[in-house]
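Open the model in your viewer and keep the selection tool at hand. The stops below go from pairs of helices to the nonpolar cores.

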Amino acid sequence: DGQLDEAQKILTTIVTAEPQDAQSQIHLSEIQRRQGHYDAALATLEKAKPLAPDSLELSYNEALIYDSLGRYDEATGVLTKLLSGSAHADGKYSDQEKANRAIFLERLGIIYREENRTTDAVVAYKQIVALGGDFVKSGYQGQVDAYRDAHQWKDATAVAAEAAKALPNEHGIQLMYAGQLADTGQVAEGLALAKAQITEKSSTSDQRDAHLALAQIYTRLKRFPEAAAELDRASELAKRPEEKLYVAFLRGALADKQKNYDEAEAQFGKALTIDPQNATILNYFGYMLADRGVRLPEALVMIQKAVDLDPQNGAYLDSLGWVYFKSGQYVLAEENLRKAKERISTDPTVHDHLGEVYEKTGKLKLAVAQWERSMTEYAHSLPADADPADVAKVQHKLENARVKLSKLTAAPGK
């Protein structure tokens, strides 16, 4: 429920009373990790290891801590050992074993993506596909995400096409492929495939998901009236709270794209009323406020909450760094933006934000390097992710910084 301090007090009491209770120590370590107390979390696990030497949960939590610390080699080493130690020569696993392997492989893939080891990430996700059943979908999705992170658009589309062919009756996979087609210039084909998922035989949930997917495609294409119409249709089919939440979130995102901030805030507020612990919405709402430089204390609370819920998320760390920058807290801004850069190094916005921090703190040469990297990443981005106005702003900042740097270098004594 997000009450980490209270949870820690209770677990500490249990561990004090029952020092041989390994499970409580593992849970305490998890809380400490989520609080950002990584050294304490590792120390707690070390105490638990002799009590539960074969605990998969303990080892997995250790890998998460190493990941949080940016000690990627150690994190992947733990996960690789977990996978090899639980492997069966015949490749046959129980349902629980499959679920465990999928979790380990998913995290391994994420860490490889953070290290820009795209090939290794894809190999991990292919092993998830090999588990069969419902795991096939997440394995294909992981491969597509890995290639998208690396801006390897042709590879991402090829895997999406392979997935769509392998799973012709999986509406989610078809919609993923539709979005990939639209993103890479095959707009008519993508829209047609998404619309084809809406039939009289389609379930209500499949129809709703198709309308939501179409809304997102239209939003990325800046065809806002069509996006709004699709959200209206999805709203009619949204019955459960979590379904209404997602519609409200996408309405808020659509309003934000149109700079209708009052409407965006109203929709995000509606979504958070349903789920106050939704990290995605907390981050989006907080970043929207921070980017405009308004209600910064409120923005900081929301973004910090999102980071607490998902400490390894590079986008959330970028938002946290940006709200600190807007608040004039440049040391904290740089610290969090550097962490974000480590995890999502192909995101041009992160490099732009870090460039702003470096310029503000007098590190002009570093600022130029970050803005040059931002322009490079924009050049390899999809059209939907490279708004011409944003690119022009970075180019302008880069040119001005180069002029200033040139003057400083040419000055006597420099």
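Select H19 and H20, two helices that run roughly antiparallel to each other, because their crossing angle lies over 145 degrees. This is a predicted model. H19 covers residues 330-343 and H20 covers residues 348-360; their axes come within 10 Å and cross at roughly 150°. Viewed as a crossing, H19 passes H20 in the left-handed sense.

Now show the side chains between them. From H19, pick Tyr-330, Ala-333, Glu-334, Leu-337, Arg-338, Ala-340 and Lys-341. From H20, pick Val-350, His-351, His-353, Leu-354, Val-357, Tyr-358 and Lys-360. Coloured by type, the residues of this contact come out as eight nonpolar, two polar and four charged.

Next, go to H17 (residues 296-309) and H18 (residues 314-326). Here the axes come within 9 Å and cross at roughly 155°, which makes H17 roughly antiparallel to H18. The crossing of H17 over H18 is left-handed. On the H17 side, select Leu-296, Ala-299, Leu-300, Ile-303, Gln-304, Ala-306 and Val-307. They meet Tyr-316, Leu-317, Ser-319, Leu-320, Val-323, Tyr-324 and Lys-326 of H18. The contact of H17 with H18 has eleven nonpolar residues, two polar and one charged.

H9 passes H10 in a left-handed crossing. Which residues of H9 meet H10? They are Trp-153, Ala-156, Thr-157, Ala-160, Ala-161, Ala-163 and Ala-164. Their partners in H10 are Ile-173, Gln-174, Met-176, Tyr-177, Gln-180 and Leu-181. Of the residues in the contact of H9 with H10, ten are nonpolar, three are polar and none is charged.

Leave the helix pairs and turn to the cores. In soluble globular proteins, nonpolar side chains tend to be buried together. The largest nonpolar core in this model has 112 residues. To find the residues with the most contacts inside this core, select Leu-79, Tyr-140, Phe-268, Ile-281, Phe-285 and Val-323. Val-323 was already picked, as part of the H18 side of the contact with H17.

Centre the view on Ile-281. Leaving out residues up to four places away in sequence, Ile-281 touches Leu-245, Phe-249, Phe-268, Ala-271 and Leu-272. Phe-268 is also among the residues with the most contacts in the core.

Last, select Leu-4, Leu-11, Leu-28 and Ile-31, which are among the five residues of another core, apart from the largest one.

Terms used: Residues numbered from 1 in each chain as written. Predicted model: local features only at pLDDT ≥ 70, side-chain atom pairs only at ≥ 80, totals over all residues. Heavy atoms only, no water. Core = buried A, V, L, I, M, F, W, Y, C linked by side-chain atoms within 4.5 Å. Buried < 20%, exposed > 50% of the residue type's maximum accessible area, 1.4 Å probe, protein only. Contact = heavy atoms within 4.5 Å. Axes fitted to C-alpha atoms, helices over the stretch in contact; angles between N-to-C directions. Helix = DSSP H or I, 4+ residues; strand = E, 2+ residues; numbered from the N terminus. Parallel < 35°, antiparallel > 145°, perpendicular 65-115°, else oblique. Left-handed = near helix turned anticlockwise from the far one by under 90°. Nonpolar A, V, L, I, M, F, W, Y, C, P; charged D, E, K, R; others polar.
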